[in-house]
Amino acid sequence: MITLNINGHPHPVDLPEDTPLLWALRDALGMTGTKYGCGVALCGACTVHVDGAPARACITTLATVAGKHITTIEGVDADPVGRKVQQAWVANNVPQCGYCQAGQIMSATALLRHNPHPDDQAIDTAMSGNICRCGTYGRIRSAIHQAAGMQEPQS
Amino acid sequence: MMPRDPLQQALDGTAGGAPAQPARRGFLQEVAALGGLVLAAGLPGVAAADDEPKKYGADGMPHGWVDSPLVYVAITPDGTVAIVCHRSEMGQGVRTGLPMIVADELDADWKHVRVVQAPGDEERYGNQDTDGSRSTRHWFMPMRRCGAAARMMLESAAAARWGVPVSEVQARLHKVVHVRSGRTLSYGALAKAAAALPVPARDTLRLKTPDQFRYIGKGKTTLVDAQDIVHGRASYGYDTRLPGQLYAVMARPPVYGGKLRSHDASAALKVPGVLKVVTIDGMPAPPVFHPLGGVAVIATNTWAAIQGRKALVLDWEGGPNADYDSAAFRASLEQSARAAGPVVRQDGDYAAAAAGAARTLSAEYYIPHLAHASMEPPAAVARIKDGKCEVWGCFQSPQAARDNVAKRLELAPADVTVHVTLLGGGFGRKSKPDFGVEAALLSRAMDGRPVKVSWTRDDDLQHDYLHTVSVERLEAAVNEHGLPVGWLHRTVAPTILSTFNPTAEQEFPVELGMGVINVPFAIPAVRIENPPAKAHTRIGWFRSVSNIPHAFAVQSFVNELAVAAGRDAKDYLLDVIGPARKVSPELLSDHWNHGESPERYPVDTGRLRAVIERVASEAGWGRKLPPGHGLGIAAHYSFVTYVATIVEVAVDSKGVLSIPRVDIAVDCGAVINPDRVRSQMEGAAVMGIGAATLGEITFREGRVEQDNFHNYQVTRIEGAPRQTHVHIIGGDYADPLGGVGEPGVPPILPALCNAIFAATGKRIRSLPIRDQLAT
């Protein structure tokens with residue numbers, strides 16, 4: 001039994017410790033906001049934060065995250081930066097199908113925490129690992145710029 | 001998204017994303033139990049008798065349309081207006097767009113609208129096949145009538161309550177007002193009484209005039225699923241969870257048509273969490289929507305199933321397609337394109353035109369197989385209880401899922417319920433419900449327990465219903481001004497029809513009507529030929545379908561002719577199209593016309609010219625550009641919509657391509673949700689750029705060589721245009737509408753390659769571009 005700290009709460013999980021975090025979240029804990037897209041860290045759909053840094057849950061084993069602070073899309077609104085990003089995403093009508101957007105929001109939030117005012121180049125570099133097949137990239141850039149310029153949102 | 005909504009639960013028999021009830025208990029009873037207005041039995045769809053004249057548009061679709069508020073609208077006493085969306089949401093915005101039309105005519109307050117997703121039931125809802133860029137153009141009027149009828153029922157109920165003539169009352173934003181006295185009654189308060197009234201006859205409906213529209217055409221409506229998406233609550237096929245659910249992945253024949261010779265599951269069964277290994281039989285060709293068959297590993301979670309699959313020892317027999325090789329096949333297509341083939345359109349005498357011409361030019365274009373690669377791979381959950389099967393999944397055509405599951409399980413369709421989740425992209429792949437049938441068979445193998453089948457990314461790329469592979473050969477006879485007087489186009493590509501008919505080797509009218517025969521150029525001698533090509537894999541429809549290779553070839557070739565003539569590409573394109581006129585598709589040998597009436601939907605060269613003029617003016621065609629930059633233009637008519645596109649490229653000294661700007665002018669007639677028209681065009685630009693620059697599926701020894709995003713690349717953020725400007729022409733709401741989801745893609749590829757030529761002098765005739773520009 002491994003206990004995961006997810007969005008500030010302990011979650012015991014009875015899975016082998018080489019199981020990727022993605023499947024523990026989705027299948028064992030029912031937290032399906034974190035998406036499967038490729039299974040090998042090529043698409044970013046499963047992006048979560050581990051101790052504040054973006055990580056691909058599909059290749060992150062339970063053994064490596066036990067005892068660390070995991071944030072998923074379901075909990076990112078506890079972070080003021082995450083909340084700004086979510087608001088900017090809605091204001092810009094970013095999503096089309098929406099499937100990749102959890103991963104996009106997690107990557108964007110990590111970017112803005114690290115670099116509060118990124119230029120397009122910095123955005124492209126930080127977001128290059130997140131594929132959107134619907135092609136919402138232009139609005140993703142706009143939303144990140146908007147979130148960067150936003151006042152702290154009222155929750 | 002949906003499962004949290006009690007109205008959706010009523011329809012689904014679900015609760016909190018974990019469906020707890022055995023079957024759909026029925027919208028009517030449940031919503032009635034909530035105490036609301038509602039009205040039951042739907043009108044039947046328009047049934048076409050054999051001796052009736054040909055039907056077009058929504059009339060011509062299976063199960064036609066339904067416009068009854070009894071089917072589509074429910075109002076509860078608290079004033080919540082529930083509107084059913086019966087088409088599948090895959091990013092095009094239909095769960096916002098169609099309900100918005102109903103809400104507008106109903107004069108409902110969008111804040112109090114809930115969208116409820118219909119299960120697959122075309123007898124009740126009309127056609128649900130979310131494909132062909134048809135949802136809005138076919139359903140605009142039925143949804144308006146639906147909303148108007150509900151509004152009039154509320155007005156009648158209010159007039160009766162007050163004892164005043166109905167002419168004195170008016171629905172205004174979720175209330176009915178007695179104009180003279182200023183009294184008001186809320187929709188919620190009127191719901192029950194309204195429910196008891198008859199639905200007004202269609203010819204008595206008072207539709208709004210466009211100046212009264214509150215939402216239609218305004219672009220101020222928030223996406224209904226936006227909050228759920230950004231909070232990770234939106235539920236896709238991959239996210240479905242039922243109590244007691246098991247998780248399966250499958251090993252399928254690596255070569256289409258191959259069979260399992262033997263397998264050894266002993267190691268797989270030792271993987272912790274693996275419960276059972278079962279085989280599913282494939283079916284003989286044609287593929288239709290049958291599962292491919294193979295070996296399924298069923299486990300307590302997806303990861304265990306994936307590990308179990310790795311441990312299987314499998315021996316496959318290759319079968320009839322074991323020699324399929326993309327390089328050899330391309331050579332065979334090219335050979336076919338260089339000899340005469342069956343003629344599918346002929347105007348005048350091409351041979352005579354060529355003999356008398358100042359010059360003839362020719363070129364060949366190649367586009368490989370493309371995979372849909374929606375970010376959510378196919379996934380479905382099924383369970384069987386008391387002889388009834390329920391399926392949840394990301395289906396573009398839930399009725400097809402229902403019919404195919406029923407057939408394979410030997411159940412009546414009425415005993416199969418198909419719940420539609422959100423789709424994490426579709427692009428045509430999810431029209432084929434093979435994965436739903438797999439889930440149903442696996443549930444049956446587990447005595448009816450809920451089983452989810454998840455396709456991994458390698459499954460998705462290796463077992464897709466691929467976009468065809470094609471060689472397009474064009475030849476033009478030009479006069480002394482460099483203008484074409486003769487046009488010969490040979491199109492050679494395995495047909496989608498082969499998925500349904502194993503002997504089909506020629507493009508069928510649907511493919512030919514996608515920009516090869518219905519090209520409305522002012523050229524006296526036109527000859528279009530379609531030599532045969534055999535399919536060796538499952539060929540499917542991919543967003544924009546055959547318009548992609550056809551538009552790439554035609555619009556690249558016109559650009560080549562312009563260059564040869566020393567003319568401006570835009571002016572030359574307009575000259576080739578000729579003067580503004582309305583051309584009957586029948587005259588172009590197009591008897592399909594996207595399923596639309598040839599009278600209501602002629603090919604209007606005036607509209608095609610207008611989008612070209614508009615995009616040229618908006619993009620600053622002819623403007624001075626920095627070194628290494630170039631502008632390219634292309635225009636294409638598809639899904640009864642006119643699109644012209646200008647791409648600006650920059651190619652650096654190493655041959656690295658970037659795209660500073662894309663301009664798209666679109667005439668799809670009147671616009672319902674302008675923001676979603678824009679977003680579809682923005683997305684089309686990215687998908688078109690991906691297909692042009694990166695996308696390619698290849699076969700070797702019958703097997704797909706690509707298995708993930710490292711070798712099947714798609715556009716990432718740095719490859720997307722820096723700016724995309726969408727210019728909407730707009731139109732009259734009384735006129736026929738055009739499609740939006742697909743028509744943006746086809747012109748992107750030739751506009752991009754024409755821009756590359758302008759920037760570098762290098763002509764791209766074979767896609768993908770990949771490193772062809774490297775110096």
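The model as a whole scores ipTM 0.98 and pTM 0.95. For chain B, the mean pLDDT is 93, with 93% of the residues at 70 or more. Two stretches of that chain call for caution. Residues 1–6 of chain B have pLDDT below 50, although the model gives this stretch 24 contacts beyond near neighbours in sequence. Residues 12–49 of chain B are likewise below 50, and here the model shows 107 contacts beyond near neighbours in sequence. Where pLDDT is low, the predicted coordinates should not be read in detail.

Let me turn to the interface. Chain A contributes 48 residues to the contact, and chain B contributes 58. About 4500 Å² is buried between chain A and chain B, and carbon and sulfur atoms account for 56% of that area. Six salt bridges are found across the interface of the two chains. I would also point out the salt bridge in which the side chains of A:Asp120 and B:Arg722 meet, at 3.2 Å from N to O.

Over all chains, the search of the whole structure finds 54 salt bridges. Within chain B, B:Glu168 pairs with B:Arg180, their closest N and O atoms being 3.1 Å apart.

How do α6 (residues 135–162) and α7 (residues 187–195) of chain B pack? Their axes are 9 Å apart and meet at an angle of about 90 degrees. Angles of 65 to 115 degrees count as roughly perpendicular, and α6(B) and α7(B) are therefore described in that way. On the α6(B) side, the contact is made by B:Met153, B:Leu154, B:Ala157, B:Ala158 and B:Arg161. The α7(B) side supplies B:Tyr187, B:Ala189, B:Leu190, B:Ala191, B:Ala193 and B:Ala194. Of the residues in this contact, ten are nonpolar, none is polar and one is charged.

I close with some details of the backbone. The peptide bond from B:Leu767 to B:Pro768, the proline of my opening question, is cis, with omega about 0 degrees. Another cis peptide bond runs from B:Ala285 to B:Pro286, with omega near 5 degrees. B:Pro286 lies in the loop between β9 (274–280) and β10 (294–299) of chain B. In chain A, A:Asn7 has a positive phi, near 50 degrees, in a residue other than glycine. A:Asn7 belongs to the loop between β1 (2–6) and β2 (9–13) of chain A. Thank you for your attention.

Methods. Residues are numbered from 1 along each chain as its sequence is written. Chains are lettered from A and ligands numbered from 1 in the order in which they are written. This is a predicted model: local features need pLDDT of at least 70, side-chain atom pairs count only at pLDDT 80 or more; totals for chains, interfaces and linings use all residues. Side-chain values use heavy atoms; hydrogens and water are left out. pLDDT is the predictor's confidence in each residue, from 0 to 100. Contact means heavy atoms within 4.5 Å. Axes are lines fitted to C-alpha atoms, for helices over the stretch in contact, and angles run from 0 to 180 degrees between N-to-C directions. Helices (H or I, at least four residues) and strands (E, at least two) are DSSP runs, numbered from the N terminus. Angles under 35 degrees count as roughly parallel, over 145 as roughly antiparallel, 65 to 115 as roughly perpendicular and the rest as oblique. Ala, Val, Leu, Ile, Met, Phe, Trp, Tyr, Cys and Pro count as nonpolar, Asp, Glu, Lys and Arg as charged, and the others, Gly among them, as polar. Buried area is the accessible area (1.4 Å probe) that two parts lose on being put together, summed over both. A salt bridge is a side-chain nitrogen of Lys or Arg within 4 Å of a carboxyl oxygen of Asp or Glu.
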